Amino acid sequence: MRPFSVLFVLFSVFSFGQAQLKSPSEFYPAQKTKVLVVGTFHFNFPGLDEVKTADENKIDVLKEPKKSELEDLVTYIKKFNPTKIAIEARPSWKSMQKFEEYKNGAHRNNRDERYQLGMRIASDLKLDSIYGIDTYSLNRDLYDQDSIYLKKLLNKIDWNVEDPFWKYAETYFDYRDKKMKDVHLLDFIKAMNTREGHNFNFGLYLTGSFATGGGQGADKLSIWWYNRNARIFSNLINITQSSQERILVIFGNGHAAILRQLLEASPQYEFVEFSSLED
């Protein structure tokens, strides 16, 4: 046996004979609350987001062929068999009141995904509640308290700085929107809900003005977008009652990356990949 081989064997025996450090997960309960995040575009195209879909690229989920494709999407999501459903709605939207109205036949022709996915699935599975867990950010609270002081804290941000990454993203958004009519709705949502699909959206908050203002750009993201999603996550915690639960979260896809990060880091939850429902 060569000297190197002898040393390797001795090193291996010595190493494997040493005590090994357990992973942190071994100290937590194995059973965790399962959460499926479905990040989506807004089915009714309200035009409230930075990126707006051109009229010629918009689809109608209440008309064929997208109506049947919506059926396939709903059937696919129901494989998760959720015990609770949380949607992108604030208290003022009155989610439970609208859900009761939905169960009595109202809102069936409203294209909003909160009805077409959230309430439809909740009704099909005979769930008695639906939870609106959206909220406002600390940025809004600070503005309401002292808008002048908040503006001073953020007055060095360069909102007009050149951002080549945004130009790349606009090219992708245009490409994706033009494919919306041709790609099956289920496949479209599957593509949005990959790790890359989630992180792509959040990544755009980390370019351009983010690094301007001597840290103020980062401050703005922290108290605005990241904070809003952290608060959404805290609302999710507050509706969670058991590790046996399976919670479906339906939000605009821009929220998905941060919610994914928080869910994957939390010892309380198991993040369920959208693609895993195919198994």
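The model is predicted: local features need pLDDT of at least 70, side-chain atom pairs count only at pLDDT 80 or more, and totals for chains, interfaces and linings use all residues. Residues are numbered from 1 along each chain as its sequence is written, and side-chain values use heavy atoms, with hydrogens and water left out. Helices (H or I, at least four residues) and strands (E, at least two) are DSSP runs, numbered from the N terminus.

**Sheet**

- Five strands make an open sheet, ordered β3-β2-β4-β1-β5, with parallel pairing. Two strands pair if DSSP finds at least two bridges between them.
- β3 (131-132) and β5 are the edge strands; each has a single partner strand, so one side of each has no neighbour in the sheet.
- β1 (residues 33-40) pairs with β4 (residues 246-252) over seven bridges, in the parallel sense. Thr-40 has Gly-252 of β4 as its bridge partner.
- β1 also pairs with β5 (residues 269-272), in the parallel sense, over four bridges. Here Thr-33 stands opposite Tyr-269 of β5.
- β2 (residues 84-87) pairs with β4 in the parallel sense over four bridges. Ile-87 has Ile-250 of β4 as its bridge partner.
- β1 is mostly covered, with seven of its eight residues buried. Buried means under 20% relative accessible area, exposed over 50%, and partly exposed in between (1.4 Å probe, protein chains only).

**Phe-43**

- Phe-43 sits in the loop between β1 and α2 (66-77).
- Phe-43 is buried, at a relative accessible area of 1%.
- Beyond its neighbours within four places in sequence, Phe-43 is in contact with Val-61, Leu-70, Leu-73, Arg-111, Asp-112, Glu-113, Gln-116 and Leu-117. Contact means heavy atoms within 4.5 Å.
- Arg-111 is 68 residues from Phe-43 in sequence, yet the two are 5.7 Å apart in space, C-alpha to C-alpha.

**Helices α8 and α10**

- The axes of α8 (residues 195-203) and α10 (residues 256-265) come within 7 Å and cross at roughly 115°. Axes are lines fitted to C-alpha atoms, for helices over the stretch in contact, and angles run from 0 to 180 degrees between N-to-C directions.
- α8 brings Arg-195, His-198, Asn-199 and Phe-202 to the contact, while α10 brings Ala-256, Ala-257, Ile-258, Arg-260 and Glu-264.
- By class, this contact has four nonpolar, two polar and three charged residues. Ala, Val, Leu, Ile, Met, Phe, Trp, Tyr, Cys and Pro count as nonpolar, Asp, Glu, Lys and Arg as charged, and the others, Gly among them, as polar.

**Cavity and pocket**

- On a 1 Å grid over the protein atoms alone, a cavity is a set of points where a 1.4 Å probe fits but cannot get out; a pocket is an open set with protein on both sides within 12 Å along at least five of seven lines; lining residues have an atom within 4 Å of a point.
- The largest cavity has a volume of about 30 Å³. Ile-133, Ile-232, Phe-233, Leu-236, Val-249, Leu-259 and Leu-263 line this cavity.
- α9 (216-239) and α10 are the elements that give two or more residues to that lining. By class, the lining has seven nonpolar, no polar and no charged residues.
- The second largest pocket has a volume of about 280 Å³. Of its 14 lining residues, Tyr-172, Arg-176, Phe-188, Ala-191 and Met-192 are the closest to its centre.
- α6 (164-179), α7 (185-192) and α8 each supply at least two residues of this pocket's lining. The lining divides into seven nonpolar, three polar and four charged residues.
- For both volumes, grid points are joined across faces, edges and corners, and a volume is the space filled by probe spheres set on the points.
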